[in-house]
Amino acid sequence: MASSIIAEAILMISVVVAASALTYTFYSSITSIEASYKSIDDSINSKLRTSITIIFVTNTSSTVIKAWIKNIGSSRIPAQLIDLSDVFFGNEEHYVRIPRYSASSGYGWTYQFCNSDDDVWDPCETIVVTIYLNETLTAGDYYLVFITYNGVKAEAMFSIG
């Protein structure tokens, strides 16, 4: 009889330990799923609040393009995130990603705030993106795309006569 009680106690302890392990595993999975959904939600929220438009594009010389881009969304974009943007430029048959400006090569893109008093691209503010090319532009149609750090895109076509 004593051995039966000991066996039942050992069995009960085993059941409690197994239930605890199962509960811990289930809770860890739920926590991981929750963190994933929160990350996805934050990403979608960021994209929904970000909106930009290219107001005007022109060439200021045979190797320099300027584009005025306005923040028409509700998000504030710090300078560090503007630096993570992508710029693509070229004609319809061949356009390439333009890297950030490098003084040593004289090639790339830079930006400056038009109407901002700090290093944040606020809603309703405009930046001027300047693209320094390493080849001369010829007459024709050109394509410019500006993509923010979170994948929001603005594009424009313009012609050089």
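**Close-up 1. Thr50, a buried residue.** At 4% relative accessibility, Thr50 is buried (buried is under 20% relative accessible area, exposed over 50%, partly exposed in between; 1.4 Å probe, protein chains only). The model is predicted: local features need pLDDT of at least 70, side-chain atom pairs count only at pLDDT 80 or more, and totals for chains, interfaces and linings use all residues. Residues are numbered from 1 along each chain as its sequence is written, and side-chain values use heavy atoms, with hydrogens and water left out. Thr50 sits in the loop between α1 and β1 (52-59). Helices (H or I, at least four residues) and strands (E, at least two) are DSSP runs, numbered from the N terminus.

**Close-up 2. Partners of Thr50.** The Thr50 side chain makes a polar contact with the side chain of Ser75 at 3.1 Å. Another polar contact, also listed at 3.1 Å, joins the side chains of Thr50 and Asn150. A polar contact is a pair of N or O atoms within 3.5 Å; within protein, one must be able to donate a hydrogen and the other to accept it, and residues adjacent in sequence count only if both atoms are side-chain atoms. Setting aside neighbours within four places in sequence, Thr50 is in contact (heavy atoms within 4.5 Å) with Ser75, Ile77, Thr148, Tyr149, Asn150 and Val152.

**Close-up 3. The salt bridge of Arg76 and Asp118.** The closest N and O atoms of this pair are 3.6 Å apart. Arg76 lies in the loop between β2 (64-71) and β3 (77-78), and Asp118 in the loop between β6 (108-113) and β7 (120-121), so the pair ties together parts that are 42 residues apart in sequence. A salt bridge is a side-chain nitrogen of Lys or Arg within 4 Å of a carboxyl oxygen of Asp or Glu. Asp118 is partly exposed, at 30% relative accessibility. A network of salt bridges links Arg76, Asp118 and Asp122. The whole structure holds five salt bridges.

**Close-up 4. The salt bridge of Arg97 and Asp86.** The two side chains meet at 2.8 Å, N to O. Arg97 belongs to strand β5 (residues 95-98) and Asp86 to strand β4 (residues 86-91), so the pair ties together parts that are 11 residues apart in sequence. Arg97 is partly exposed at 43% relative accessibility. Asp86 is partly exposed too, with a relative accessible area of 23%.

**Close-up 5. The salt bridge of Lys153 and Glu155.** Here the N to O distance is 4.0 Å. Lys153 is partly exposed at 47% relative accessibility. Glu155 is partly exposed at 45%.

**Close-up 6. Cys124 and Cys114.** The structure holds zero disulfides (pairs of cysteine sulfur atoms within 2.5 Å). Cys114 is in no disulfide, and its nearest cysteine sulfur, that of Cys124, is 14 Å away. Cys114 is partly exposed at 43% relative accessibility. Cys124 is exposed at 55% and lies in the loop between β7 and β8 (126-132). Its phi is positive, about 75°, although Cys124 is not a glycine. Most residues other than glycine have a negative phi.

**Close-up 7. A nonpolar surface patch.** Phe26, Ile30 and Ile33 make a patch of about 310 Å². Patches are made of residues with over 30% relative accessible area and no salt bridge; like charges are joined within 9 Å, nonpolar side chains (Val, Leu, Ile, Met, Phe, Trp, Tyr) within 5 Å. Phe26 lies in helix α1 (residues 2-49). Phe26 is exposed, with a relative accessible area of 57%.

Key:
Accessible areas come from the Shrake-Rupley method with a 1.4 Å probe; for residues, only the protein chains shown count as cover.
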